[in-house]
Amino acid sequence: MKITFIRHGEAVKVELCTMEEDKKRPLTPRGREIVRERFQKLRNLLGSEKKEIWTSPLVRARQTAEILSKTINIPITLEDFLVVANSEDLRKALDVRKDLNLHLFIVTHEPFISDFLREITGERILVHTGDIFTIDLYDMENYKGQILLDECFDSSRKE
């Protein structure tokens with residue numbers, strides 16, 4: 001199974017906002033443009049396997065997923081657990097989907113992406129808005145994998 005983790009694009013900044021206000025923050029025009037450009041590049045690298053997009057329902061993640069959906073012509077599934085996801089929640093969801101011919105795109109937030117990447121690959125990686133990481137989850141029983149694509153455009157991200 002391939003999993004592409006995508007951190008939502010750059011969102012409007014709000015000083016000292018409540019959690020409810022944070023949920024509603026949209027992408028900036030710059031954030032939209034950056035993810036659109038990255039998704040165009042990503043589209044050219046995709047194989048023929050079955051594809052699904054799961055996204056956090058927060059506005060900035062949903063808007064990022066919508067741009068991806070339009071770019072690769074795949075529908076979106078909103079997954080509430082991706083708002084404050086942890087590895088255990090994702091493992092439970094993946095256990096139902098043990099399809100080695102699936103390419104799953106997950107649009108979500110930090111620190112979940114960097115935590116899960118470290119768990120699966122052993123690498124500590126800083127993940128910024130708009131970053132894209134594709135992993136090959138080659139051992140679904142023990143959740144081990146390797147990074148196939150690192151579209152963070154900044155080689156200084158590894159700690």
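This is a predicted model: local features need pLDDT of at least 70, side-chain atom pairs count only at pLDDT 80 or more; totals for chains, interfaces and linings use all residues.

Q: How many residues of helix α5 are buried?

A: In general, an α-helix has 3.6 residues a turn, so residues three or four places apart point the same way. In this structure, helix α5 spans residues 112-121 and is mostly covered, with 7 of its 10 residues buried. These buried residues are F112, I113, S114, F116, L117, I120 and T121.

Q: Which residue just after α5 takes a positive phi?

A: That residue is G122, whose phi is about 85°.

Q: What is the volume of the largest pocket, and which residues lie nearest its centre?

A: In general, rolling a probe the size of a water molecule over the atoms shows where empty space is left. Here the largest pocket has a volume of about 210 Å³. Its lining comprises 16 residues, and R7, H8, R25, R60 and H109 are those nearest the centre. By class, the lining of this pocket contains 7 charged, 6 nonpolar and 3 polar residues.

Q: Is T134 buried or exposed?

A: Residues under 20% relative accessible area count as buried. T134 has a relative accessibility of 5%, and therefore counts as buried. This residue belongs to strand β5, which covers residues 132-139.

Q: Which residues does T134 touch, leaving aside those up to four places away in sequence?

A: T134 touches K2, I3, T4, H103, Q146, I147, L148 and L149. With T4 there is also a polar contact between the two side chains, at 2.7 Å.

Notes. Residues are numbered from 1 along each chain as its sequence is written. Side-chain values use heavy atoms; hydrogens and water are left out. Buried means under 20% relative accessible area, exposed over 50%, partly exposed in between (1.4 Å probe, protein chains only). Helices (H or I, at least four residues) and strands (E, at least two) are DSSP runs, numbered from the N terminus. On a 1 Å grid over the protein atoms alone, a cavity is a set of points where a 1.4 Å probe fits but cannot get out, and a pocket is an open set with protein on both sides within 12 Å along at least five of seven lines; lining residues have an atom within 4 Å of a point. Grid points are joined across faces, edges and corners, and a volume is the space filled by probe spheres set on the points. Ala, Val, Leu, Ile, Met, Phe, Trp, Tyr, Cys and Pro count as nonpolar, Asp, Glu, Lys and Arg as charged, and the others, Gly among them, as polar. A polar contact is a pair of N or O atoms within 3.5 Å; within protein, one must be able to donate a hydrogen and the other to accept it, and residues adjacent in sequence count only if both atoms are side-chain atoms. Contact means heavy atoms within 4.5 Å.
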